[in-house]
Each structure stands twice: as C-alpha cells, then as structure tokens.
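Please have the sequence and the model open while you read.

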Amino acid sequence: MAHLRSRRRLALAVPVVLSLTASLGFLPTAASAAPAAPAARAAAPTTDAPVLAYVVNTRTDRHTISSVQRAITAAGGSIVATYDRIGVIVVHSADPGFAQRMRAVRGVQSAGATRTAPLSASGTTDEGAVRYLTAAEAARVAKASGDGAEPLEADQWDLRAIGADRAAKIDPGSRNVTVAVIDTGVDDTHPDIAPNFSPGQSANCVSGKADTTYGSWRPVDADHYHGTHVAGEIAAARNGVGVAGVAPGVRVAGITVAQPDAGQLFFPESVVCAFVFAADHGVEITNNSYYVDPWQYNCMDDPDQKAIVDAVNRAQLYARGKGVLNVAAAGNSNNDLDADALVDDSSPDDSTPVSRTVDPHKCFDIPTQLPGVVTVSAVGVKGAKSYYSSYGDGVIDVAAPGGDKYQIPDTPSKNGRILSTLPNNQYGFLQGTSMATPHVAAVAALLKSAHPHATPAQLQALLKAQADNPGCPAGPYDGDGDGVVDATCAGGKRVNGFYGFGIVNALRAVK
C-alpha cells in the first residue's frame with residue numbers, strides 16, 4: 001500500500017465487530033434473494049466514454065451466477081474474473097449507468113464502481129518517505145551489533161522491544177506457516193528474504209485476476225518498496241546478512257495489489273483477488289498494511305461504496321473460513337475510530353477529493369474494520385502510542401512497534417523508525433501502522449507455529465492474551481511534543497483505545 005502521504009487504519013474489538021456486523025447485516029447474504037427484476041439491456045455506450053472497473057455481488061448458486069454473467073454481457077460489460085464461491089464478479093464497462101443496471105438484475109445483491117477515474121496502466125500506511133541506510137551507517141551499526149546478532153540488528157530496537165531477539169533462540173517459527181504480504185510487491189531476490197520466500201504462494205492480483213507467472217509478485221521499481229520492507233519485518237532470515245525478522249523461521253509470500261504507476265493505489269478488485277488467492281493456496285496469515293482505495297471510509301448509504309464493502313468482506317470472510325487470520329493496520333491519521341464523526345478530506349484519492357464528515361460506525365475503513373480482522377495500532381520505542389497512529393476504544397485489537405520519529409532510541413543510528421529490507425538489496429527506515437502490522441502478523445505466525453491447529457479466532461484470542469498493556473497515559477497525550485493534546489485514551493488497563501489488549505510480545509508467544 002504505497003502512498004507517501006499519511007494513511008490511516010483502525011482495529012476492532014468486540015463492540016466494533018458487533019456494530020459492524022449489525023451494519024453489514026442489511027447486505028444480502030449468499031443465501032438471501034434479491035428482488036426480482038428483468039435484466040435491462042444497456043444502450044451502447046459512447047466510444048469515448050471512460051472504462052471503469054466494477055464489482056457485481058450475487059448469490060453463489062451456479063444458476064444465478066450464469067444468469068448474471070449473461071446480463072453483464074448484455075449490458076456491455078466485460079468480465080475480468082468470477083469468484084463464484086463468494087459471488088463476486090469483476091467487470092469492466094464504459095457505460096456510466098452500468099452499476100445501476102446491474103442492481104436491477106435478479107440475483108444481484110449489490111454492484112458498484114470500484115474507482116472514480118478511468119482505468120490506467122493502485123494506499124499504504126507508512127508515514128513519510130523512506131530513509132535509506134548509507135554504507136557508512138551500516139558499517140557503524142554492524143560494529144555495534146556484536147556476536148550472534150545480524151549485522152544491522154543493533155538498529156532494530158523493535159525486536160528487543162517485543163522480545164523477538166530472544167524468542168528466535170527458542171522458536172524462530174515453522175516453515176509450515178506462511179504469511180502473505182498483500183502489498184506493492186516483494187523483492188524475493190533480496191538476500192534477507194530469499195531464504196524464506198514461497199513463490200508457489202505468491203501472485204500478482206493487480207488486474208483483479210491472479211497472475212502466477214514467475215516473478216510477477218516483484219515490485220515494478222524501487223519506489224514500490226513498501227511490501228519488501230513489510231516482508232523483511234516479518235521473516236528476514238537470521239543468516240548473517242543485514243536484518244532479522246520477528247519470525248525468521250516462517251515463510252513469506254507476496255501478493256501484489258498496488259497499481260504499477262506512481263499512485264500505487266489498492267483497488268477493491270485487486271484485494272478481493274488477493275484474499276481468495278491466499279485462501280486457496282494454503283496461506284495461514286495475511287498482512288494488510290493498507291486501506292482499500294479510492295475511499296478512506298466506505299459509507300453504506302452509497303451504493304458504490306456499499307458494493308465495495310460487500311465484495312471485500314466476502315473475500316476476507318472466505319479466507320477466514322479457510323483458516324486464514326487477516327491482520328490489518330489502523331491508519332496514520334491519528335483518528336479516533338470510535339468517534340461520532342470524522343472528517344475525510346482525502347477521498348476519492350483516484351480523482352478529486354471532496355471533504356466530507358463521516359461516522360466511522362457506518363462508514364468503514366476496509367479491510368481493517370471488517371469482522372474478524374485483527375486491527376493494529378503503532379507504538380514507538382518508549383512504548384507510547386505513535387503520534388500518527390489512529391486509535392479507538394473497542395476498535396483496536398493490539399499494538400506493536402511501528403516507529404515514531406519523536407521517540408528516539410539508544411541505537412547507533414538514533415532513528416526511531418523501523419529498519420528493514422528494501423528492493424535491490426537495500427535497507428531503510430520507515431514508520432507507520434504499516435510497520436506495526438507485520439510485527440503482529442509475525443507474532444501470530446509464531447503462535448500458529450506453536451499451535452498448528454489453532455483457528456483464526458483462537459489465534460486472535462492468543463494474540464490478545466500474550467500482549468502487554470501499558471494502560472492509558474497518566475496525563476494528557478501530546479505525541480509530537482508541541483504542547484497541544486493530540487488524542488484522548490478511553491478505556492482501562494486491560495483494554496483501551498490506544499493499545500487494545502496491549503503490545504504484542506514475541507517471547508511470551510513462543511513460551
């Protein structure tokens with residue numbers, strides 16, 4: 001998920017899950033029937049009309065899907081992919097009235113455009129641009145790392161903060177466990193990633209249909225570095241090269257969903273493809289350090305946005321039903337996701353944003369606010385909420401190191417961000433809930449290694465049980481030190497809006 005501007009993400013505790021489930025309850029399920037209506041034949045679109053992408057969500061029986069496919073063709077649509085097990089059909093059409101026509105078709109439960117700008121030759125939750133580690137800095141860090149550590153480990157304060165350095169000596173994780181990084185692509189040629197990479201569980205889902213051509217999962221250029229950084233945080237090998245991951249013994253896969261252009265947006269059809277692919281290829285955990293574009297919050301009273309929520313939710317629930325735990329970032333807007341109202345001034349991000357006020361209980365940041373997804377907030381080296389991290393009582397599940405430039409560690413580089421792998425054998429620092437999420441996904445992988453038969457719900461419970469909760473700050477929270485209160489922590493010592501059930505602990509997970 002790869003914007004260089006701020007991205008947000010939130011989490012779910014039981015109250016939010018229940019609230020969201022209730023809100024999603026009016027979406028027709030696979031077993032419910034939509035009102036009967038004849039399929040309307042589309043008037044031929046003008047030849048210069050822009051082509052948009054759509055999701056058409058239907059009942060899952062074979063007859064309905066076949067009937068809807070015929071209606072799509074009759075309406076001038078071009079079918080890209082059909083995910084019949086979840087009733088989601090990805091379509092391209094140049095007819096601006098296509099979605100409305102589809103909503104009148106028997107068996108269609110929701111339909112909508114997945115973008116507001118024409119298709120072109122796709123967001124992430126890191127805060128600020130990457131800062132590369134120089135050769136001189138690397139030499140200095142290597143000198144400080146000491147015997148038995150990876151060369152750059154002295155700068156990895158985040159490993160020590162959650163006991164991951166000690167956990168690796170007890171159990172580095174099982175190669176029977178794979179974490180799929182749904183992101184901008186993973187450079188599997190990086191020497192820290194190559195030993196643990198799983199090409200057979202990797203693909204490119206940008207088009208909405210999985211491409212498993214060898215190497216298709218790799219980033220298109222060095223600017224698409226986000227997924228490689230995330231992959232290294234999870235499973236960089238302890239091989240005497242560079243850095244170490246939190247779970248250096250597990251396998252990591254890459255599923256590319258970011259558009260190859262500079263925008264690097266993550267559109268719904270790509271994410272649907274990724275969840276289904278992960279589920280069908282034996283992945284145990286997915287890492288989702290992004291929100292689904294083009295809407296930061298998808299409001300259920302808008303038919304297009306409702307269809308997006310419906311499609312992505314079907315896909316992630318399918319993955320969960322196949323034993324996949326989905327972990328997602330809470331976002332970098334310092335938003336209270338349990339607030340009565342938030343201002344979204346960045347949507348739609350594929351055309352011209354329009355400022356709007358939304359209720360986060362009715363307008364959802366996805367996939368992080370979907371039922372059953374583990375939502376992650378970020379902390380810095382001091383264990384305090386990162387200044388950018390979104391939060392929310394009853395929303396955040398757990399927290400993890402995501403970096404904070406205002407919380408400075410006693411490390412050779414004195415950099416409060418997270419050091420990890422980058423394309424072309426490079427290393428660099430990033431901060432964001434994007435960086436916190438892979439720490440949680442990796443700890444979940446350690447738990448799955450120790451409890452191979454644990455279900456996603458049981459893994460989620462284990463994540464919460466092993467976490468350490470610092471509790472709400474004793475005084476006002478001023479994350480950037482400017483004298484202004486930046487956020488208010490609601491809740492108690494056991495569960496609260498800043499840390500959910502607490503900061504994950506890798507050492508406790510393997511014990």
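Tyr214 is exposed, with a relative accessible area of 60%, where exposed means over 50%, buried under 20% and partly exposed in between (1.4 Å probe, protein chains only). The model is predicted, so local features need pLDDT of at least 70 and side-chain atom pairs count only at pLDDT 80 or more, while totals for chains, interfaces and linings use all residues. Residues are numbered from 1 along each chain as its sequence is written, and side-chain values use heavy atoms, with hydrogens and water left out.

Trp217, in contrast, counts as buried at 0% relative accessibility. Tyr214 and Trp217 form an edge-to-face aromatic pair, 5.1 Å centre to centre and with 75 degrees between the planes; rings of Phe, Tyr and Trp (its six-membered ring) pair if their centres lie within 6.5 Å, and planes under 30 degrees apart count as stacked, over 60 as edge-to-face and the rest as tilted.

## Pairs across the structure

In the whole structure, a search finds 9 aromatic pairs. One of them is the tilted pair of Phe197 and Trp217, at 5.6 Å centre to centre and 40 degrees between the planes. Because Phe197 lies in the loop between strands E7 (178–183) and E8 (203–204), and Trp217 in the loop between E8 and helix H7 (226–235), this pair ties together parts that are 20 residues apart in sequence; helices (H or I, at least four residues) and strands (E, at least two) are DSSP runs, numbered from the N terminus. Phe197 counts as buried, at 8% relative accessibility.
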